[in-house]
Amino acid sequence: MTTKTVMAALALLVPSLLAAGPAEKVDPVAEGFPIWTGVTDKNYVQGRELCPSDLRHKVTIVIEIEPAEKLVDHFEAMIPLVTRSSSFALGFGANWEDAALPRDFITVISLRGMGKKEVQAYKDLLDNKDKSIKDKTLLSTLSRIAGCTTYCDLSFEGAPDTAGKRPYVYVFGPTGAEPIAHGPLATSKKEVNDAIAKGRKEISGWDPKWRPFFGNIAEPKFNTSLAKTIEKGKKAKKAPLGPVAKGLLADVKSSDAEKAKEAQVLYDAIEQTRSDLVLRIGLEAGACPHGAYCDIQQLLKYWPAESKQVEAALKRIETAPSAKMMGEILIKLKEWGDPAFTCKNAGESKAIVAKLQKMKKSLAPIKESTNITTQNGALLLDMRIDDLITQMPSKVALK
């Protein structure tokens, strides 16, 4: 990044009234991708905690709002965009073990020019402390953990001055450094909806589709350390991705545009995978504690430093009946159920079947648990074991 570009980015950082502090450190970003600023712990207000990578390679909506006498009057216009965001609820017949978090669309509210009192007033509204507001559904939609993320002064390099025009909305597509639509929220609904449709159409045409760790890169051409680390993680207890991410950030600055672009996609895919796991664990901890346990093991395998992020979830899991034991079973079922998994010979296949049958016996009393969450989890694991017992003979490697 050139000195001129750095200075431009810093000039766009609206000084936060919350606290004075050192200038924000912004990671390098390849040309053609948005440079997000203000996505910091200090600026976090509520909702999902993000990293800048969470706002790239998807349809990203940013709604800027500023202090107003009747702030709640703006909420109703924001709701359609918020409810289409990364809010997540399991549909009928679905379960956490197989459910995938939506990742193609995200909405973020940016509180611009708000001091401590204004930010607290915003939070008080969401906490239903203003009893004059009758629409409680509106407030609960905005305050859900995965519903609408809010930061102070979240912005991007090149953003225009929108003071006096807010609520102001930006729509970024999955590619490109500039918004594909923007304007005052009240007068830009058609442009916003058209831009969202355009962005989603672009994502639907990706081949390959976006996947954890690799994004929409079929096979990395320039950096092979990621694939090697993921492969190592299939057997090793620890396979830290920190050194890989550091290497990719260096490649992002490459003068070779193709290399820089690939590095940016891979770096963002790694960061999104980590961020999605943290979110998922928080959502699963109560509804599917054994699933949360399984995901925590994956998180700590690749990102050992994230242990503090899951402390609360681990405490909930410890109080859930049989959650750890069921989580260990789920880890093995995912390993053996992976389409790429093969047995070396018929003997290994039989040995795994014997282990599966032993797991089935250990789940038998848990299926009768009076704790409905535990009982449902055990029943689902039992069905998964039955399916895998049937499949295992076909997983023997052909000579």
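What share of the 399 residues in the protein chain do buried residues make up? Buried residues make up 47% of the chain, where buried means under 20% relative accessible area, exposed means over 50% and partly exposed lies in between, with a 1.4 Å probe and protein chains only. The model is a predicted one, in which local features need pLDDT of at least 70 and side-chain atom pairs count only at pLDDT 80 or more, while totals for chains, interfaces and linings use all residues. Residues are numbered from 1 along each chain as its sequence is written, and side-chain values use heavy atoms, with hydrogens and water left out.

## Overall build

The protein chain has 13 helices and eight strands; helices (H or I, at least four residues) and strands (E, at least two) are DSSP runs, numbered from the N terminus. Of the contacts in the chain with a separation of 6 or more, 71% are between residues 24 or more positions apart, a contact being heavy atoms within 4.5 Å.

## The nonpolar cores

A nonpolar core is a set of buried Ala, Val, Leu, Ile, Met, Phe, Trp, Tyr and Cys residues joined through side-chain atoms within 4.5 Å. The largest one has 74 residues, and Leu241 is among those with the most contacts inside it, together with Ile61, Ile65, Phe75, Leu111, Tyr122 and Leu142. Helix H8 (residues 257-287) gives the largest share of this core, 11 residues. Leaving aside neighbours within four places in sequence, Leu241 is in contact with Phe213, Leu226, Thr229, Ile230, Ile270, Tyr302 and Trp303. Another core, of 19 residues, lies apart from the largest one and includes Ile329, Cys343, Ile352 and Met392.

Tyr267 has its place in helix H8, and it counts as buried because its relative accessibility is 9%. Not counting residues up to four places away in sequence, Tyr267 touches Asp27, Ser53, Ala245, Leu248 and Leu249. Gly291, found in helix H9 (residues 289-302), counts as buried because its relative accessibility is 3%. With the residues up to four places away again not counted, Gly291 touches Glu284 and Leu330.

The table gives C-alpha separations for these residues.

| Pair | Apart along the chain | C-alpha separation |
|---|---|---|
| Tyr267 and Phe213 | 54 residues | 8.3 Å |
| Gly291 and Gly327 | 36 residues | 6.0 Å |

## Helix H13 and its partners

The axes of H12 (residues 346-363) and H13 (residues 372-391) come within 10 Å and cross at roughly 160°; axes are lines fitted to C-alpha atoms, for helices over the stretch in contact, and angles run from 0 to 180 degrees between N-to-C directions. H12 and H13 are therefore roughly antiparallel to each other, given that angles under 35 degrees count as roughly parallel, over 145 as roughly antiparallel, 65 to 115 as roughly perpendicular and the rest as oblique. Residues of H12 that meet H13 include Val353, Leu356 and Leu363, and those of H13 include Ala378, Leu381 and Ile385. By class, this contact of H12 with H13 has nine nonpolar, one polar and three charged residues; Ala, Val, Leu, Ile, Met, Phe, Trp, Tyr, Cys and Pro count as nonpolar, Asp, Glu, Lys and Arg as charged, and the others, Gly among them, as polar.

Helix H11 (residues 323-337) packs with H13 at an angle of about 30°, their axes being 11 Å apart, and H11 and H13 are therefore roughly parallel to each other. Among the residues that meet here are Ile329, Leu330 and Trp336 in H11, and Ala378, Leu381 and Ile385 in H13. By class, the contact of H11 with H13 has nine nonpolar, three polar and two charged residues.
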